[in-house]
Amino acid sequence: MTTGPAAHQNAVTAEYMDLSPLQVRITTHRLYSECPDSPDVTVRDQLRLPSDADLLDVGCGTGQFLRDLDHDGHTGRLTGIDTSPEAIRQTTAGRVSALHASASNLPFAPEAFDIVTARHMLYHVPDPLHALQEARRVLRPNGVFAATVNHATTAPRTHDLVRAVIEDAGVTPSANSPVNAISSDTLPPLLRQVFGNVTTVRYDNALVFPQPEPLADFAVALLPFNGISATDPDHGRLAEEIRGRAVRWFSDHPGQVWRDPKGWALCSATAT
Ligand SMILES: C[S@@+](CC[C@H](N)C(=O)[O-])C[C@H]1O[C@@H](n2cnc3c(N)ncnc32)[C@H](O)[C@@H]1O
């Protein structure tokens, strides 16, 4: 099997051909977090975003973050980039423009933006240090870079469930995981290296599932992060087994919830 940066990028591209698993993960965090959890709102609040700031959102995904800013009357340029054509399609609307491009090679002149965000995406990038240098290049003096990134261990219980199902089925996961080692522990030193400063705010929380269905939906959406892409021939039967185990867990534990610790950090830096 081929491994390396190109294979890694292929795994990422395959994961985001269709954004429904991403949407399942976003909806799960919105509906089943123990404490309210909205990274988009937190980023806006922490940045105290001036309404005329020119903003680039790297790895814009569904585009909700940019469309909300547009809806709320943001007057500065709102630009998204993403390697997923479906993300570009969903993001482009109103005053929001979106381009098919990579974090590793931003198609913009130096000092083109006041703010660059990279929300929950740096763990997909083959060379995160280079992506940070690119973000720094396109920021104006005093511009701000802000990234959200998961803790190294997040939702371990649900990941364990998924891994146990894969292992018990005798399936060998792909060596080309779409995730690298970037986490709330490893990103701050990289930001300090590129920007000379960094501020990190951690948000610790948990997912709490009261029924099997949302747990199963979330666990199935984690299969690609455990080496089973949506196009893997074993995906369907592994998803069925996950659903069965979720149902069994709740019938074996009447009156209990499935609680799983999770968390992420907002890491920001200023282009001095
Ligand atoms: C986990 S999703 C996050 C989407 C969005 N930022 C959010 O927080 O909802 C990761 C996004 O990054 C995109 N992506 C992955 N690698 C990328 C790269 N090298 N350059 C640009 N976008 C990338 C994916 O296509 C996907 O849309």
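Trainee: What percentage of the 272 residues of the protein count as buried?
Mentor: Keep in mind that this is a predicted model. A residue is called buried if 20 or more other C-beta atoms lie within 10 Å of its own. Applied to the 272 residues of the protein, that test gives a buried share of 38%.

Trainee: How many helices and strands does the protein have, and what is its radius of gyration?
Mentor: Start by counting elements: there are 10 helices and seven strands. For 272 residues the globule rule gives 19 Å, and the protein comes close to that, so it is as compact as a globular protein of that length. Its radius of gyration is 19 Å.

Trainee: Which residues of strand β1 lie on each side, and are they buried or exposed?
Mentor: In a regular strand, side chains alternate between the two faces of the sheet. Strand β1 covers residues 55-58, with L55 and D57 on one side and L56 and V58 on the other. Both faces are covered, and these four residues are all buried.

Trainee: Which residue of strand β4 is the bridge partner of D57?
Mentor: Let's look at how β1 pairs. With strand β2 (residues 78-82) it pairs in the parallel sense over four bridges, and L55 stands opposite L78 there. With strand β4 (residues 113-119), β1 also pairs in the parallel sense, over three bridges. In β4, the partner of D57 is T117.

Trainee: What is the handedness of the β-α-β unit that β1 and β2 make with helix α4?
Mentor: Follow the chain from β1 through helix α4, residues 64-71, to β2. Together these three elements form a β-α-β unit that is right-handed.

Trainee: Which elements give two or more residues to the shell around the ligand?
Mentor: The ligand is surrounded by 22 residues, the closest being Y16, G59, G61, S84 and M121. Two or more shell residues come from each of these elements: α2 (20-32) and β2.

Trainee: Why does R243 count as partly exposed?
Mentor: R243 sits in helix α10, residues 235-252. Buried would need 20 or more C-beta neighbours within 10 Å, and exposed would need 12 or fewer. R243 counts as partly exposed because its number of C-beta neighbours inside 10 Å is 18.

Terms used. Residues numbered from 1 in each chain as written. Predicted model: local features only at pLDDT ≥ 70, side-chain atom pairs only at ≥ 80, totals over all residues. Pairing = 2+ DSSP bridges. Right-handed = clockwise from strand over helix to strand, strands pointing away. Near = placed C-beta within 6 Å. Rg over C-alpha atoms; globule rule 2.2 N^0.38 Å.
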